[in-house]
Amino acid sequence: GGSPKVAANGVDTSIGGDVAIANGRSDVPQALRIGNVELPVAPDIGSPMVPFLPPIRGVVPDLPSQGELAALRWMMQKAKLRQDMLLIGPPGPRLRHTVLRFCALLGREMEYVAITRDTN
């Protein structure tokens, strides 16, 4: 994997397959497109609730897998339609990482709430 290449010339820059980041005149992405679904990237408001994908043990996060791209596209469709989402999957960090990537790419705030059998 590697990090996405983002051009500042207003041209969509492919970051793998049918995924592109559209830029305005600055280095700030204006939109994210996966397949035929495009969503605007929220302006940076400096909120601590917008996740940042830091390197893990010094390794930059890989580009999304095809399965993760499909999930991100589906999440983008739901967000575009202003519909709620419920992600269900096996135990582990995969879904959390997908949601973190979604929010980080689109500049959206998130809050993590762990629900266990002890949650009232």
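The legends below describe several views of one predicted model.

The model is predicted, so local features are given only where pLDDT is at least 70 and side-chain atom pairs only at pLDDT 80 or more, whereas totals for chains, interfaces and linings use all residues. Residues are numbered from 1 along each chain as its sequence is written, and side-chain values use heavy atoms, with hydrogens and water left out.

**View 1. The protein as a whole, with two helices and four strands.** Helices (H or I, at least four residues) and strands (E, at least two) are DSSP runs, numbered from the N terminus, and along the sequence they follow the pattern β-β-β-β-α-α. Of the 120 residues in the protein, 24% are buried, where buried means under 20% relative accessible area, exposed means over 50%, and partly exposed lies in between (1.4 Å probe, protein chains only). A contact is a pair of residues with heavy atoms within 4.5 Å, and among contacts between residues at least 6 apart in sequence, 46% join residues at least 24 apart.

**View 2. The largest nonpolar core, with 14 residues.** Such a core is a set of buried Ala, Val, Leu, Ile, Met, Phe, Trp, Tyr and Cys residues joined through side-chain atoms within 4.5 Å. The residues with the most contacts inside this core are I34, L39, L72, M76, F102 and L106. Strands β3 (29–34) and β4 (37–40) and helices α1 and α2 each supply at least two of the core residues, and α1 gives the most, with five. When neighbours within four places in sequence are left aside, L39 is in contact with A31, L32, M76, A79, K80, L106 and R108.

**View 3. The salt bridge between R101 and E68.** A salt bridge is a side-chain nitrogen of Lys or Arg within 4 Å of a carboxyl oxygen of Asp or Glu, and by this rule the count comes to one. In the pair R101 and E68, the closest N and O atoms are 3.0 Å apart. The pair links distant parts of the chain, since R101 belongs to helix α2 (residues 94–106) and E68 to helix α1 (residues 66–80), 33 residues apart. Both R101 and E68 are buried.
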